[in-house]
Amino acid sequence: QVQLVESGGGLVQAGGSLRLSCAASGRSVGTNVMGWFRQAPGKERDFVARISWSSTNYADSVKGRFTISRDNAKNTVYLQMNSLKPEDTAIYYCAANVVPTAVGGRSTYSAAYWGQGTQVTVSS
C-alpha cells in the first residue's frame with residue numbers, strides 16, 4: 001500500500017518562501033517518478049513539477065521559482081517554493097508514478113498515487 005503524506009503548507013506573504021515535504025511509504029522515491037500537483041479553488045488539478053531518476057520537469061508558471069528534490073535515505077520528496085505569488089495559492093498534492101498524458105489535446109501529466117494535500121495560501 002502506497003502512502004504519501006504532505007506537510008509544510010501554510011500562509012505566506014507574496015515574495016516569501018515555503019518548503020513542502022512528502023513522506024512516502026510503500027514506494028521508493030528513488031526508483032519512482034515523483035511529482036507535485038496543485039488545485040486552486042474552482043480550477044482543475046494542474047501539474048507543478050516531477051522528478052525522475054535522471055531529470056526534473058516543471059510547469060512554465062513555476063520555472064525558476066520552484067525546485068523539486070528528493071532524499072532517498074528519508075524516502076521524502078520536497079518542493080522548495082520561492083518568490084511566491086498570490087496565484088500560487090492552492091492545495092498542493094504529492095504524487096507517485098507520474099507519467100506524461102494528454103487531456104483534450106493538451107500535454108500534461110497524471111499519477112497513480114496521491115497524497116491528501118496541503119494548503120498553501122499566498123497573501124498579497
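Q: What volume does the largest pocket have?
A: About 190 Å³. Keep in mind that this is a predicted model.

Q: Which residues line the largest pocket?
A: The lining is made of Phe37, Glu44, Arg45, Asp46, Phe47, Ala59, Val103, Arg106, Ser107, Thr108 and Tyr109. Two elements each give two or more residues to it, strand 5 (45-51) and strand 11 (106-110).

Q: And which strand gives the most to that lining?
A: Strand 11, with four residues.

Q: How does the lining split by class?
A: Five residues are nonpolar, two are polar and four are charged.

Q: OK, switching to the inside. How many residues does the largest nonpolar core have?
A: There are 36 residues in the largest nonpolar core, and Trp36, Leu79, Met81 and Tyr92 have the most contacts inside it.

Q: Which elements give two or more residues to this core?
A: That list runs through strand 3 (18-25), strand 4 (34-39), strand 5, strand 7 (66-71), strand 8 (76-81), strand 9 (90-96) and strand 13 (118-123). Strand 9 gives the most, with five residues.

Q: What does methionine 81 touch, leaving out residues up to four places away in sequence?
A: Methionine 81 touches Gly16, Ser17, Leu18, Leu20, Arg65, Phe66, Tyr92 and Val120. One of those, leucine 18, is also its bridge partner.

Q: Let's stay with strand 8. Is strand 8 mostly covered or mostly uncovered?
A: Mostly covered, with five of its six residues buried.

Q: How do strand 3 and strand 8 pair, parallel or antiparallel?
A: Antiparallel, over six bridges.

Q: And how many bridges join strand 7 to strand 8?
A: Six bridges there, and those two strands run antiparallel.

Q: How many residues sit between the strands in the hairpin of strand 7 and strand 8?
A: Four, and asparagine 75 takes a positive phi near 50 degrees in that hairpin.

Q: Is asparagine 75 buried or exposed, and why?
A: Buried, because its relative accessible area is 17% and the cut-off for buried is under 20%.

Q: Where does serine 83 lie?
A: Serine 83 is in the loop between strand 8 and strand 9. Its phi is also positive, near 50 degrees, in a residue other than glycine.

Q: Why does serine 83 count as partly exposed?
A: Its relative accessibility is 42%, and partly exposed covers the range between under 20% for buried and over 50% for exposed.

Q: New topic, alanine 23. Which strand is alanine 23 in?
A: Strand 3. At 39% relative accessibility, alanine 23 counts as partly exposed.

Q: What is alanine 23 in contact with, leaving aside neighbours within four places in sequence?
A: Alanine 23 is in contact with Gln3, Leu4, Val5, Asn75 and Thr76. Asn75 is the loop residue between strand 7 and strand 8 that we talked about.

Q: What separates the C-alpha atoms of alanine 23 and arginine 50?
A: The separation is 15 Å, for two residues that are 27 residues apart along the chain.

How values were computed
Residues numbered from 1 in each chain as written. Predicted model: local features only at pLDDT ≥ 70, side-chain atom pairs only at ≥ 80, totals over all residues. Heavy atoms only, no water. 1 Å grid on protein atoms, 1.4 Å probe; cavity = no way out; pocket = protein on both sides within 12 Å on 5 of 7 lines; lining within 4 Å. Points joined across faces, edges and corners; volume = space filled by probe spheres on them. Nonpolar A, V, L, I, M, F, W, Y, C, P; charged D, E, K, R; others polar. Core = buried A, V, L, I, M, F, W, Y, C linked by side-chain atoms within 4.5 Å. Buried < 20%, exposed > 50% of the residue type's maximum accessible area, 1.4 Å probe, protein only. Contact = heavy atoms within 4.5 Å. Pairing = 2+ DSSP bridges.
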